[in-house]
Amino acid sequence: MQDLSSSNADGPDDEIQSTDKQSNSDSLDETLDLHGETDGGWAQADASDPEAWVGRTVARYKILRVLGVGGMGMVFEALDTTIQRNVALKILPNAVVETQLAQQRFLEEARAVGKLNHPHVVVLHEIGTDGDVHYIVMELVCNGTADDFRDEGEAMSVAMATHIARQAAMGLGAAHSAGIVHRDIKPANLLLGEGDQVKVTDFGLAKQVTNTELGITREGQIIGTPSYISPEQCESRPADFRSDVYSLGATYYKLLTGERPFADQTSAVAVMYAHCNAERPDPRRENPKVPAAAAAVVRRAMAKRPINRYESMAEMEAALGEVERELAGGPPAKG
């Protein structure tokens, strides 16, 4: 793939001229591997009808309903028949599990989540296999995702968007403290529980930066979700904690406006080129109700150069806390 960056500057750039010929049907909100490692496809029976799994039993888990289907796995609500507890059961497709890299990613998700114990990170119960089925069992979070919370194309309230982003920052801060970079933050990976408690999920692309042997992305490989991917991920450069800062900033933009960043771009390559080169998006252009302090969080988090972003997730969480304080009637945030 061509180099997606021409300047890596943080200011305006020339108008983007995209020569990408991919179809507008490209999925911009699904996890992609542009080198073909993660889009190996579902086994034919899985792809044609995920509902066919409903009623089946995997190990001791009876599948009750489909919660979601994506490039990294199918997620179901299931009943643990031993202790009569409802759980979330994630299954990797057979066609993908056959590759060594995909199996490693599957294990990495479980290991990454298993090290975390935080109210804003999903709880991992078990990892296992049943015949040729590889699965992860997690706590069931009942109220959908941040993407489900709003109507299509409409923004949620600024207060709710900020609440979700701030709690996600807390969960990611815990992951970062454990040396784990998520690398695929997006609204669909922020689950809403009771009382609008937010939990970060889907650590399938997680990388432990303290142990390079556990890093599963090879040189030249681009993996992530185009609408929220950081510039350094687009360019296959090393991604540290500040990559998650960028993606959470892009997610916050989506929650504030109801539109993904760079919505005028309609293919994966064009969107990633924009992440590397286009002027950072201002949510106030799409939603005039967004206060300047919230727009400033998006702008700093989505800086092209990691050095210009928040230095830590804790710093970003504090900035979001200032926005919440201002929304509650406190004095405007400084700066």
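A salt bridge is here a side-chain nitrogen of Lys or Arg within 4 Å of a carboxyl oxygen of Asp or Glu. The model is predicted, so that local features need pLDDT of at least 70 and side-chain atom pairs count only at pLDDT 80 or more, while totals for chains, interfaces and linings use all residues. Residues are numbered from 1 along each chain as its sequence is written, and side-chain values use heavy atoms, with hydrogens and water left out.

**View A. Salt bridge between Glu232 and Arg309**. The closest N and O atoms of Glu232 and Arg309 are 2.8 Å apart. Glu232 lies in helix α6 (residues 231-234) and Arg309 in the loop between α9 and α10, so the pair ties together parts that are 77 residues apart in sequence; helices (H or I, at least four residues) and strands (E, at least two) are DSSP runs, numbered from the N terminus. Glu232 is buried at 1% relative accessibility, and Arg309 is buried with a relative accessible area of 1%, where buried means under 20% relative accessible area, exposed over 50%, and partly exposed in between (1.4 Å probe, protein chains only).

**View B. Salt bridge between Glu139 and Lys199**. The closest N and O atoms of this pair are 3.3 Å apart. Because Glu139 belongs to strand β7 (residues 133-139) and Lys199 to strand β10 (residues 198-200), the pair ties together parts that are 60 residues apart in sequence. Both Glu139 and Lys199 are buried.

**View C. Salt bridge between Arg325 and Glu322 in helix α10**. The side chains of Arg325 and Glu322 meet at 2.3 Å, N to O, and the two residues, 3 apart in the helix, are separated by about one helical turn. Arg325 is partly exposed at 36% relative accessibility, and Glu322 is partly exposed with a relative accessible area of 30%.

View D. His275 is buried, at 0% relative accessibility. Leaving aside neighbours within four places in sequence, His275 is in contact (heavy atoms within 4.5 Å) with residues including Pro226, Tyr228, Tyr246, Phe262 and Met302.

**View E. Helix α9 (residues 292-301) and its cover**. Buried residues of α9 include Ala293, Val297 and Ala301, and what covers the buried residues of this helix includes α7 (241-257) and α10 (313-327). In the chain, pLDDT, the predictor's confidence in each residue from 0 to 100, is highest in α9, at a mean of 98, and lowest in helix α1 (residues 44-48), at 44.
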